[in-house]
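Dear colleague,

Please find below the structure that I am handing over to you, with its sequence. I would be grateful if you would read the notes after it with the model open.

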Amino acid sequence: MTNIQKARLDILNCLFYILSPILSFPLIFFSLIKRTKGSAFLFSLFAGYISYMYVPPYIYDKARHIEFYNDSKYFTLSEFFAYNFQHQPDFLFRLLIYIGSVFGIKVHFVFFFITFISIFLIMKVFFDVIKSYNISAKYSTLIVLLSIFSFSYINIFSGMRYFLALSFLFCGIYYAYIKNIKSYYVYLFLACITHYSLFFFIFI
């Protein structure tokens, strides 16, 4: 497939996504296989949409996040931090929910954004590896398929805090050991303030 054909496929995907995110998935999946420039972005948008629509059972983490969203709209910033640090030493994930609550952003849009960022960071690394090492089409297809089907979708759509932290950690390790880019410190820091348990992985 030529670059022009890939660009046209991305445009078609965007149109289908606007019309129906669910019906756009087969085309997005095909774009991932063909490694179009917009495929990782579009797949992340699709995952974000599913996260937006997903209604969790009461016992799942996402239900707790919704409760926190409803409660935090009454907090001042200092009250938010006081409440947060009573329960956990990290704060970034809850801060995003708190900001959404204070500014009246629908909680499901917050979940959409968090899921989109989490998936996009990981897919961006996969595609960068394929491009950097000039991996053949056959093996790049295998990598894409393994990456998609290895995700824990319960963690993506319910345990979002830990998955977001893992995506930061994943990027940090990649930039540190593969790309040798100093900005990996930023990703490792974001991982720690999103979920404190990852500090031990970073330390090791």
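The model is predicted, so local features were taken at pLDDT of at least 70 and side-chain atom pairs at pLDDT 80 or more, while totals for chains, interfaces and linings use all residues. Residues are numbered from 1 along each chain as its sequence is written, and side-chain values use heavy atoms, with hydrogens and water left out.

Pockets

The search ran on a 1 Å grid over the protein atoms alone; a pocket is an open set of points where a 1.4 Å probe fits, with protein on both sides within 12 Å along at least five of seven lines, and lining residues have an atom within 4 Å of a point. Grid points are joined across faces, edges and corners, and a volume is the space filled by probe spheres set on the points. Helices are DSSP runs (H or I, at least four residues) numbered from the N terminus.

The largest pocket has a volume of about 430 Å³. Its lining consists of 14 residues, and R35, T36, K37, F127 and K131 are the closest to the centre. Helix 1 (3–19) and helix 7 (107–132) are the elements that give two or more residues to this lining, and helix 7 gives the most, with six. By class, the lining has five nonpolar, two polar and seven charged residues; here Ala, Val, Leu, Ile, Met, Phe, Trp, Tyr, Cys and Pro count as nonpolar, Asp, Glu, Lys and Arg as charged, and the others, Gly among them, as polar.

The second largest pocket holds about 250 Å³ of space. It is lined by 16 residues, with D61, R64, H65, Q88 and R94 nearest its centre. At least two lining residues come from each of helix 4 (61–72), helix 6 (92–102) and helix 10 (160–177), and helix 4 supplies the largest share, six residues. The classes here are six nonpolar, four polar and six charged.

Salt bridges

Side chains of opposite charge can pair when their charged atoms come close. The rule applied was a side-chain nitrogen of Lys or Arg within 4 Å of a carboxyl oxygen of Asp or Glu, and by this rule the count is three salt bridges. For burial, buried means under 20% relative accessible area, exposed over 50%, and partly exposed in between (1.4 Å probe, protein chains only).

R64 and E67 form a salt bridge at 3.2 Å, N to O. Both residues lie in helix 4, three residues apart, about one turn of the helix. R64 is partly exposed at 30%, as is E67 at 32%.

R161 and D90 meet at 2.8 Å, N to O, in a salt bridge. R161 lies in helix 10 and D90 in the loop between helix 5 (77–87) and helix 6, so this pair ties together parts that are 71 residues apart in sequence. R161 counts as buried at 16% relative accessibility, and D90 counts as buried at 2%.

D128 and K179 form a salt bridge at 3.6 Å, N to O. Since D128 is in helix 7 and K179 in the loop between helix 10 and helix 11, the pair ties together parts that are 51 residues apart in sequence. D128 is partly exposed, at 22%, and K179 is partly exposed, at 32%.

I99, V102, F103, I105 and F109 form a nonpolar patch on the surface, with about 490 Å² of accessible area together. Such patches join nonpolar side chains (Val, Leu, Ile, Met, Phe, Trp, Tyr) within 5 Å, from residues with over 30% relative accessible area and no salt bridge; areas come from the Shrake-Rupley method with a 1.4 Å probe. I105 is in the loop between helix 6 and helix 7 and is partly exposed at 38%.

Most residues other than glycine have a negative phi. R35 has a positive phi, near 55 degrees; it lies in the loop between helix 2 and helix 3 (39–53) and is partly exposed at 28%. N180 also has a positive phi, of about 55 degrees; its place is the loop between helix 10 and helix 11 (184–194), and N180 is exposed at 66%.

F43, in helix 3, is buried at 3%.

With kind regards

Methods: Patch = residues over 30% accessible without salt bridge, like charges linked within 9 Å, V, L, I, M, F, W, Y side chains within 5 Å.
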